[in-house]
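Visitor: I have a model open in my viewer and would like to learn how to read it. Could you walk me through its features one by one?

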Amino acid sequence: MDAVAVETAAILVPDLLGWVPLQTGGDWMFVWENRRFLLLGTAVTILLTLASVGLGFLLGLPAGAIEAYGDGRLQSVVSTVGVALRGTPIVVLIVLFFFGLPIPRQLGSIPVLDVRMSGFLAATLALGLRSAAYQSQVFRGTIQSVGEGQLKAARSLGLSKPAAIRHVVLPQALRRSVPGFQNEFTIVLKDTSVVFAIGLAELLRRGYQLFTQPGRQGAIIEVILAISLIYFVLTFTTNRLLDLLDHHYAIPGGES
Amino acid sequence: MTLLAFDGVTKHYGEELVLDAVSFELDRSEVEVIIGPSGSGKSTLLRCVNRLAEVDNGTIRFDGEPIGDTDADELRRQVGMVFQDFNLFAHRTALGNVTLGLRRVRGFSKEEARERARRELEQVGLGAQLDSYPAELSGGQKQRVGIARALAMDPELLLFDEPTSALDPELIGEVLAVMRELADDGMTMLCVTHELGFARSVADRLTFLEAGAIVERGDPERLFTDPRSDRTAEYLSRLTGEY
Ligand SMILES: Nc1ncnc2c1ncn2[C@@H]1O[C@H](COP(=O)(O)OP(=O)(O)OP(=O)(O)O)[C@@H](O)[C@H]1O
Ligand SMILES: [Mg+2]
């Protein structure tokens, strides 16, 4: 998916640039000359999004199940952590994790992308945990929307509760989670731009680095437009892919 | 030989007494029909048998063992349940509904499970609907899948909770026909149903439950023609009057 997005961006950006009716050909040339620099930033954005949404899914799904089914202590711990994560500005979380967690700075850089490993890990943890807190609410809702009778029927066959949840409730709940998940994916994608705060060279920061070069302030609109276009292509592509997934797994005849 | 025995079973939901010292015995291969007004505790009684609900007092024995002493999942494998609103797994085909228990509870291989499920579905007349999803089936077909799903576990006892109440009148017959066949094959069945024709022609025992207590229990024909309790007479005449 990321490869597709990068390629699409690479084809679209130069094509569309010629059409924008701004009398600043030189600034568009400047963007074009720095395309490799921006695409590397795009790759960081994509990687960060995938890692964060992935982490968010791995933690958010069980958290949602615990909130839907759990009892007492565990449930209240999970929902309290969720409230805290959802209630904290993402910049605060990222800065807190970057400076507060014992992530060794000497981990070095990620090859090719040229970003610090420690920053990438802190950002993934912050974005991923916060995404888990939001995804847990998506999954809690869709798990609870699966009728009680489904669980009863599974249990009356002799399936244990975890087995019944795994084989009967989750397959139905996950199908219903696609729209909420789509939403969350888009939000994380755009929120990766705040890793700016710890100096991680993702797409937006790289754009910033371009137009803050001496004598290049005139290119600010062009750079921002180019970056917006890349974000648009990325969200559009992921939404389409998730739509396809949704159709592929739709239950024939609807649900009954 | 007694398969299921209730002995002084009492159950509350909060303050409300839902089962009131219920005692009865059901032999192997017998069919028992339970009738009673809404809220009289019929569903609760069935749910106590497979421990979807737990009793407060008294003992339920299954095959001689108090059910509290056996593992609930093991008990449920031996006691099948058929629901009023089917509760078919919406994301699985008819075949998939039947294979789930075979695979996950009985440990069949994928191939064995498909083969067995196919046979169970053919048995209830659904050989042509193996790959249909619940939403693509009629109510009568759904309920027959529900029965096949329960049967595939090789249960000793089948519980039916108003299996035809959610069906259009013209679809009731096909489900009752399957139940009748099971009874003829010697399946032990505990059925909550208000299909009085079925009760009279198939059941060995008829129980009238009211306010959580057994008012009268006996041979169905006798309850219809010579009820001992006025309450039974009144309730049955009200039921038959409606038809
Ligand atoms: N899970 C529950 N929690 C609280 N009360 C319950 C629960 N299940 C049943 N009850 C109450 O217990 C009583 C008996 O309910 P039950 O469902 O067993 O009756 P029923 O005879 O099956 O009625 P119906 O003919 O309407 O299905 C009712 O008053 C009901 O409100
Ligand atoms: Mg009931």
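Guide: Gladly, and keep in mind that this is a predicted model. Let's begin with strand pairing: strand β1 (residues 2-13) of chain B lies antiparallel to strand β4 (residues 57-62) of chain B, joined by five bridges.

Visitor: Which strand pairs with β4(B) over two bridges?

Guide: That is strand β5 (residues 65-66) of chain B, again in the antiparallel sense. Here B:Arg61 has B:Pro66 of β5(B) as its bridge partner. The hairpin of these strands leaves two residues between them, and B:Asp63 takes a positive phi near 55°.

Visitor: Now a sheet: in what order do the six strands of the open sheet in chain B run?

Guide: The order is β6-β7-β8-β3-β9-β10 in chain B, with mixed pairing. At the edges are β6 (79-82) and β10 (213-218) of chain B, each of which pairs on one side only. From one strand to the next, the twist averages 20°.

Visitor: How do β7 and β8 of chain B run relative to each other, parallel or antiparallel?

Guide: Parallel: five bridges link β7 (residues 157-161) to β8 (residues 188-192) in chain B. A handy landmark is B:Phe160, which stands opposite B:Cys191 in β8(B). Helix α6 (residues 169-184) of chain B packs on the sheet, where α6 touches β3 (31-35), β7 and β8 of chain B, and the direction of α6 makes about 145° with that of β8(B).

Visitor: What about two helices: at what angle do α3 and α4 of chain B cross?

Guide: For a helix pair, take the axis distance, the angle and then the handedness. The axes of α3 (residues 94-104) and α4 (residues 110-123) of chain B come within 8 Å and cross at roughly 125°, so α3(B) and α4(B) are oblique to each other. Their crossing is right-handed. Residues making the contact include B:Leu95 and B:Val98 of α3(B) and B:Ala117 and B:Leu121 of α4(B). By class, there are seven nonpolar, one polar and six charged residues in this contact.

Visitor: Last, the interface: how many residues of chain B are in contact with chain A?

Guide: Count both sides: 26 residues of chain B contact 22 of chain A. Then turn to area, where about 2100 Å² is buried between the two chains, with carbon and sulfur atoms giving 64%. B:Phe89, B:Ala90 and B:His91 supply 27% of the area that chain B buries against chain A, more than any other three residues.

Key. Residues are numbered from 1 along each chain as its sequence is written. Chains are lettered from A and ligands numbered from 1 in the order in which they are written. This is a predicted model: local features need pLDDT of at least 70, side-chain atom pairs count only at pLDDT 80 or more; totals for chains, interfaces and linings use all residues. Side-chain values use heavy atoms; hydrogens and water are left out. Two strands pair if DSSP finds at least two bridges between them. Helices (H or I, at least four residues) and strands (E, at least two) are DSSP runs, numbered from the N terminus. Axes are lines fitted to C-alpha atoms, for helices over the stretch in contact, and angles run from 0 to 180 degrees between N-to-C directions. Contact means heavy atoms within 4.5 Å. Angles under 35 degrees count as roughly parallel, over 145 as roughly antiparallel, 65 to 115 as roughly perpendicular and the rest as oblique. A crossing is left-handed if the near helix is turned anticlockwise from the far one by less than a right angle, and right-handed if clockwise. Ala, Val, Leu, Ile, Met, Phe, Trp, Tyr, Cys and Pro count as nonpolar, Asp, Glu, Lys and Arg as charged, and the others, Gly among them, as polar. Buried area is the accessible area (1.4 Å probe) that two parts lose on being put together, summed over both.
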